[in-house]
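Q: Could you take me through how the helices of this protein pack? Please begin with any term I shall need.

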Amino acid sequence: ERSEAVAASSEQLFSSEEHSTSFNSADSVRAPKKRRKTGHTEQKEKTKAATTASSPKKFLVTQSAILKMLSEAVKSYPGVAEFIIDQTVLNKDGESVSALTFIMDNLLAPPAKDAPPGREDTHEHAKMILSTVAASNSTDPAKEKLVDQIRLSFISSLNTPESPAKHSKIQAIVSLMS
């Protein structure tokens, strides 16, 4: 009986809204006071929000440097190739795709004339990582996945509407095979 009474009283204690949403006056912890914003700090926040919204993000490491590091890791450690083949990432549409598909769809083709700066050699490093993954001492199922990803990327690029980007992407995929 006593344990049931203790359980019932503790249930009442923790289920009451007074104890779950705010501090009791007997508690020793106080909530911090809110500071009033002055006109100067409000102007700073508006300026900061406007500059962050209009300026593009600057990354510390470029895509080509990441691809180069991954390529070196694949050369040094054979398990990294299988990890890259099995890895999934989110594309621009928020869909989950394999890392190889992402590389072939977004990074393999040479950049257009209006591409952002710092992307000049990304396509070369994308080719390098795909060729090192293919040449690695990974298992046969991993190499089969790689071949399937290349085939699917080729088919999807054939199904896109006619454009110069389509042809440059097809050329980049075919250059992997030769």
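A: A crossing is left-handed if the near helix is turned anticlockwise from the far one by less than a right angle, and right-handed if clockwise. This is a predicted model, in which local features need pLDDT of at least 70, side-chain atom pairs count only at pLDDT 80 or more, and totals use all residues. Residues are numbered from 1 along each chain, and side-chain values use heavy atoms, without hydrogens and water.

Q: Is the crossing of H6 and H7 left-handed or right-handed?
A: The crossing of H6 and H7 is left-handed. Helices are DSSP runs (H or I, at least four residues), numbered from the N terminus.

Q: At what angle do H6 and H7 pack?
A: The angle is about 150 degrees, and the axes lie 10 Å apart. Axes are lines fitted to C-alpha atoms over the stretch in contact, and angles run from 0 to 180 degrees between N-to-C directions. H6 is therefore roughly antiparallel to H7 (a term for angles over 145 degrees).

Q: What does Leu 130 touch?
A: Leaving aside residues up to four places away in sequence, Leu 130 touches Leu 100, Ile 103, Met 104, Leu 108, Leu 146 and Leu 176.

Q: Turning to H8 and H9, how far apart are their axes?
A: Their axes are 9 Å apart, at an angle of about 155 degrees. This makes H8 roughly antiparallel to H9. The crossing of H8 and H9 is left-handed.

Technical notes: Contact means heavy atoms within 4.5 Å. Helices (H or I, at least four residues) and strands (E, at least two) are DSSP runs, numbered from the N terminus. Angles under 35 degrees count as roughly parallel, over 145 as roughly antiparallel, 65 to 115 as roughly perpendicular and the rest as oblique.
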